[in-house]
Amino acid sequence: LGVIFVPINILYRERELSHILSDAEPKLQITDADLPALREEAAGQSSELAAVDLTADSPAALVYTSGTTGVSKGAILTHNNFYFNGATLVESWRITAADRFLLALPLFHVHALGNGIHCWLLSGCRMRLLERFEHEKATATFLDFQPTLFFGVPTVYVRLLETPPDAAREIYERELAVKSHCGYLCCSKCRKCLDFFNGHAKFDEGERRKLLEELKKIEADCT
């Protein structure tokens, strides 16, 4: 289409939204309320799209930073940025069409958008996209879909420590080949989570809180 996608955190309030809308100067805004009309309009249009003059270095998305140290800053990502990042991960993590990918991260999160979606597109694996990660339903979701591939951030892994031991071992057995060779749980702190899923470790509440704080410090390495 040639559009530049600008994802926005759905939890942002008026101040953050106003800043992004003012800075990005979008030509079109799409919300859930617009989807029914867009679907109806699309149903009456041709499936043939006009060619757009794009190169691999054309902008694909304008992704805003979290604003931890100030106002959010827009970062342009090109089609090549997305492609080479996804292709590198597919190769290094050995993702194939036989994998079953459970994606629970929000698509305004660059890890889900850049890594998750593009690993799925480039590998041809089967993906289930969740609207949100709900730890209360995590065990049932894992056992139902039986994923071999799962992306998470440290807080997600810590919530997964609440998984009942028997279910954790069953999930671990199905995911071990992926997690062990691709390096998702790449440091000693994350491997504590993996030990839990193998039934080798148990954590009390104090240990769980300590692990969460340690994981926050190395989140960039884990994701």
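This is a short walk through the fold, from the overall make-up to a few individual residues.

The model is a predicted one, in which local features need pLDDT of at least 70 and side-chain atom pairs count only at pLDDT 80 or more, while totals for chains, interfaces and linings use all residues. Residues are numbered from 1 along each chain as its sequence is written, and side-chain values use heavy atoms, leaving out hydrogens and water.

Let's start with the whole protein. It has 10 helices and five strands; helices (H or I, at least four residues) and strands (E, at least two) are DSSP runs, numbered from the N terminus. Of the 223 residues in the protein, 35% are buried, where buried means under 20% relative accessible area, exposed means over 50%, and partly exposed lies in between, using a 1.4 Å probe and protein chains only. Among contacts with a separation of 6 or more, 69% are between residues 24 or more positions apart; a contact here means heavy atoms within 4.5 Å.

Strand β1 is mostly covered, with five of its six residues buried.

Next comes helix α3, which spans residues 79-92. Its 14 residues reach 20 Å from the first C-alpha to the last, close to the 20 Å expected at 1.5 Å a residue; the expected span is 1.5 Å times one less than the number of residues. Which residues of α3 are buried? They are Phe82, Gly86, Leu89 and Val90. Seen down the axis of α3, these buried residues fall within an arc of 100°, so they line one face of the helix. That arc is taken from the directions from the helix axis to the C-beta atoms. The buried residues of α3 pack against β1 (59-64), β2 (74-78) and α4 (110-123).

Arg94 has a positive phi of about 55° although it is not a glycine. With a relative accessible area of 54%, Arg94 is exposed. Glu25 is another residue to look at: its phi is positive, about 50°, although it is not a glycine. Glu25 is found in the loop between α1 (14-24) and α2 (35-43), and at 64% relative accessibility it counts as exposed.

Now turn to the parallel sheet. Three strands form this open sheet in the order β4-β3-β5, with parallel pairing. The edge strands are β4 and β5 (149-150), each of which pairs on one side only. Four bridges join β3 (residues 100-103) to β4 (residues 126-129), and Phe101 stands opposite Met127 in β4. On the other pairing, two bridges join β3 to β5, and Leu102 stands opposite Phe150 in β5. Helix α4 packs on the sheet, touching β3 and β4, and its direction makes about 155° with that of β3. For that angle, axes are lines fitted to C-alpha atoms, for helices over the stretch in contact, and angles run from 0 to 180 degrees between N-to-C directions.

Together, β3, α4 and β4 make a right-handed β-α-β unit. Right-handed means that, with the strands pointing away from the viewer, the path from the first strand over the helix to the second runs clockwise. Within this unit, α4 has 14 residues and reaches 19 Å from its first C-alpha to its last, close to the 20 Å expected. Helix α4 is mostly covered, since 10 of its 14 residues are buried; among them are His111, Leu113, Ile117 and Cys119. The buried residues of α4 pack against α3, β3 and β4.

Cys125 lies in the loop between α4 and β4. Is Cys125 buried or exposed? At 4% relative accessibility, Cys125 counts as buried. Leaving aside its neighbours within four places in sequence, Cys125 is in contact with Thr96, Ala97, Asp99, Phe101 and Trp120. Cys125 and Phe101 are 24 residues apart in sequence and 6.9 Å apart in space, C-alpha to C-alpha.

Definitions and conventions: Pairing = 2+ DSSP bridges.
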